[in-house]
Amino acid sequence: MLLKIKTDSNHAVQGTTRALSSLSSLFTKHPLQNSSAIPNNKPRFQNPQNPHLLGPKDFEYFVRHQCKSGKLTLNDALTYFDKLIATQPSPLIQTFNFVLGSASKLKCNPDVFSMYRKLNVEGIKPNLYTLSILLNCCCQLKQMSSGFCVFGEVIKRGFEPDLVTVSILLKGMCGDGKVLDAVQVFDKMSERGFQGDGVIYGILINGLCSIGHPAMALELLRKMEKSGFRGTLMTFSMVIDAFCKDGMVDEAASLFSEMVSKQISPDAVVYGSLINGFCRLGRLKEAVNVFDEMVSQGLTPDLVMYNTLIHGFCQVGMWEEAMKIFNRMVGKGISPDVVTFTSLIDSLCKEGKTGEAQRIFDLMIQQGAKPDIRTYNSLLNGLCLNSQLDEATKLFGLIVDKGLEFDAFSYNIMISGYCKSWKIDEAFQLFQKMHDDGIKPTAATYNTLIGMLFQSGQVSTARKMFDEMHVYGNSPLLSTYTVMLDGLCKHGHIEEALDLFRSLESTNHKPSIEPFSILIDGLWKAGILEEARKMFNQISEKGLSPDVVTYNIMLSGLCKNHMSLVADKLLTEMEENGRLPDSISYNVVIHGLLREKEVEKAMNRLEQMRKRNFSADDGVTSMLLRLAVKDEQCRAALESLPDVI
């Protein structure tokens, strides 16, 4: 079995009978009315002026001819259907199928159902193809419960579902988001002897890839090959692309090599998937290698591929390499678009090169590429990061003149810029304008303003803003709680911070180490020692592990409260728990040990620190020099470590 999921393994097939009630009017029982066979000779007309004056057999030929021509309108189909159904003896069901099929191709699905009901009333029984047309209509309407109804009628009437019928059903299920159910139905049918073909396997493989199950898609591809159907470029491409999108680029590359070994020539699409996959993981050298291999195979890279590489290098700050690819692209006669320019501008701005970013922006205008809001946001962010707030304000006004609509990110950039420049009034004016323009503030908006209010000592206003988030339908993120906890602790509101921390535990936010670190630091600074140590011990109870920052907070708190021996023991435990101490860890403990005259232990830690290429900070160095004058043990220890200071 390919699938083992929680739902009843037989529900997809067995449910067809139960679902019949919703379409019971379509499947009333009537005796079969036999119709005469149409002679095999060709029609004796080409385009009669009045087809309704033709005899029954000639009229059938005419209808079939019109349906095959693809020129049939819905009005024609309905008119011909009414004429056919009034004909005696009844025409063959195949002729009705032509009309139903034509209406289905016109997406007139309700009319198909209406015509089918009339067939039922007249006692004209469907064949498998009739029901397949009906099933296809249900799938197009995404009414899969009705689709299973029709499929149940196929079984009920004793028809053996063929490849066409099954492919329609499975494609409809996949299109309706029921991919796993579709695979399960196929599994059950396979157990009962149904043999799928390359088309059906392709439908299911594509469905699994579309919902992010590349491993299952590959398993189905293997099953397809074992059934005697050779994988195609399309099937391999789908699975390779899904692996890349899922971050499993090594698996994608391995499947690519297998595809090539099977003499399936890759196209630009599959190369593009690999390039994108490597770029997303920052493996740019491999992405370039794939790009070069594609070119060596005579395939021409398009704008999307160049943009992928440019964006990849920009993401890791390698804007010079990005510019080389840009120049190569232009040299090949490919015109950059807004995505290309925005990637370059964003990268340059983050590097603080706003002047060069502005030159790229000007080039963009010269070449006729129209900047969008993302382009302007990148420039705004760069100017604010570079403390060019006046220029950012001018650009912000220019965006309005260009007829572009601000988004929340635009406002957040400017609000953050004003806050960093301590222009709190301007920040809140923009916050109000954000409301006036009908743009909902995000958690990032509130985080910036709440943080600024705490920094300026406006604790009560910060509290009100936090409460306001709920009023306006903004649920605080974990980052918002972190900003609040930090602000409350720094202003000595420890009890309030503890209450907020407890309320955080009742939310759906996943536990994080950062709130613990903030509270532990606040408790130490407030002199609530036992509570700080208790909270540190609670970290493991929540399934978390202290990081280096948390350990350093604890080490500093212990040493400042004359518990350097406890801190020294914790430093050992820290390393045993897989957290390597950093320079801060060693300096804090050494300083504490020296202050408490634990010279031998301090020297041992000093030696460890030097072996790890960490240096003593100014505080430790000063204390060592003072102690060396008075303490022979310290002086001797220093002489044995000549490079310490």
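Author: Quick ground rules: residues are numbered from 1 along each chain as its sequence is written, and side-chain values use heavy atoms, with hydrogens and water left out. Since the model is predicted, local features need pLDDT of at least 70 and side-chain atom pairs count only at pLDDT 80 or more, while totals for chains, interfaces and linings use all residues.

Reader: What makes D292 and R328 a salt bridge?

Author: The rule asks for a side-chain nitrogen of Lys or Arg within 4 Å of a carboxyl oxygen of Asp or Glu. Here the N to O distance is 3.7 Å, so the pair passes the 4 Å limit. D292 sits in helix α15 (residues 284–296) and R328 in helix α17 (residues 319–331), so the bridge ties together parts 36 residues apart in sequence. Helices here are DSSP runs (H or I, at least four residues), numbered from the N terminus. The search of the whole structure turns up 25 salt bridges.

Reader: Why is D292 called partly exposed?

Author: Its relative accessibility is 34%, and the classes are buried under 20%, exposed over 50% and partly exposed in between (1.4 Å probe, protein chains only). R328, at 38%, lands in the partly exposed class too.

Reader: Where do K525 and D521 lie?

Author: Both are in helix α28 (residues 513–525), 4 residues apart, about one turn of the helix. An α-helix has 3.6 residues a turn, so residues three or four places apart point the same way. The closest N and O atoms of K525 and D521 are 3.0 Å apart, and the pair is a salt bridge. K525 comes out exposed at 66%, while D521 is partly exposed at 25%. Elsewhere, bridges that share partners join R222, E225, E258 and K262 into one network.

Reader: On to rings. Why is the F62 and Y80 pair called edge-to-face?

Author: Rings of Phe, Tyr and Trp (its six-membered ring) pair if their centres lie within 6.5 Å; planes under 30 degrees apart are stacked, over 60 edge-to-face, and the rest tilted. F62 and Y80 are 5.6 Å centre to centre with 80 degrees between the planes, so they pair, and edge-to-face is the label. F62 is in helix α2 (residues 56–69) and Y80 in helix α3 (residues 74–85), so the pair ties together parts 18 residues apart in sequence. Both F62 and Y80 are buried.

Reader: What makes K83 sit over the ring of F59?

Author: The test is NZ of Lys or CZ of Arg within 6 Å of the ring centre and within 35 degrees of the ring normal. The charged end of K83 is 5.7 Å from the centre of the F59 ring, and it is listed as sitting over that ring.

Reader: How do you know that α10 reaches close to its expected span?

Author: The expected span is 1.5 Å times one less than the number of residues. Helix α10 (residues 198–210) has 13 residues, and its reach of 18 Å from first C-alpha to last is close to the expected 18 Å. Its buried residues, including I200, Y201 and L204, pack against α8, α9, α11 and α12, where contact means heavy atoms within 4.5 Å.

Technical notes
Helices (H or I, at least four residues) and strands (E, at least two) are DSSP runs, numbered from the N terminus.
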